[in-house]
Amino acid sequence: MGITLTEARLISYEELEDLGCSGTNYTCEGAPNWVYSTTYWLGSAGTESSLYRVIAGGPFYGTPDNSYSNNYGLGVRPVITISKS
């Protein structure tokens, strides 16, 4: 198809806030439905020992410290950049 993958990564905390999530209110209910329709890890850390996550239905927050080793059944939501050429 002539498509070249130039980058693949996890979505960031800042990108989710740009989409309508609120780290202050711990929710993504202000974002489009596809943002919180499933449960996944972010590519952003909450602290040196916690990661942010989105929970299906809208909650958006960091994990308790060191609990990222428990997967909570979370998946990943990759951000994929492709070349237009």
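Cys21 counts as buried at 6% relative accessibility, where buried means under 20% relative accessible area, exposed over 50% and partly exposed in between, with a 1.4 Å probe and protein chains only. Cys28 is likewise buried, its relative accessible area being 0%. These values come from a predicted model, in which local features need pLDDT of at least 70, side-chain atom pairs count only at pLDDT 80 or more, and totals for chains, interfaces and linings use all residues. Residues are numbered from 1 along each chain as its sequence is written, and side-chain values use heavy atoms, with hydrogens and water left out.

Cys21 and Cys28 are joined in a disulfide (a pair of cysteine sulfur atoms within 2.5 Å), with 2.0 Å between their sulfur atoms. The structure holds one disulfide. The link of Cys21 and Cys28 is right-handed, with 110° about the S-S bond.

Of the 85 residues of the protein chain, 34% are buried. The accessible surface of the chain, computed by the Shrake-Rupley method with a 1.4 Å probe and, for residues, only the protein chains shown as cover, comes to about 5,200 Å². Carbon and sulfur atoms account for 52% of that surface. Contacts (heavy atoms within 4.5 Å) were also examined by sequence separation. Among those between residues at least 6 apart in sequence, 49% join residues at least 24 apart.
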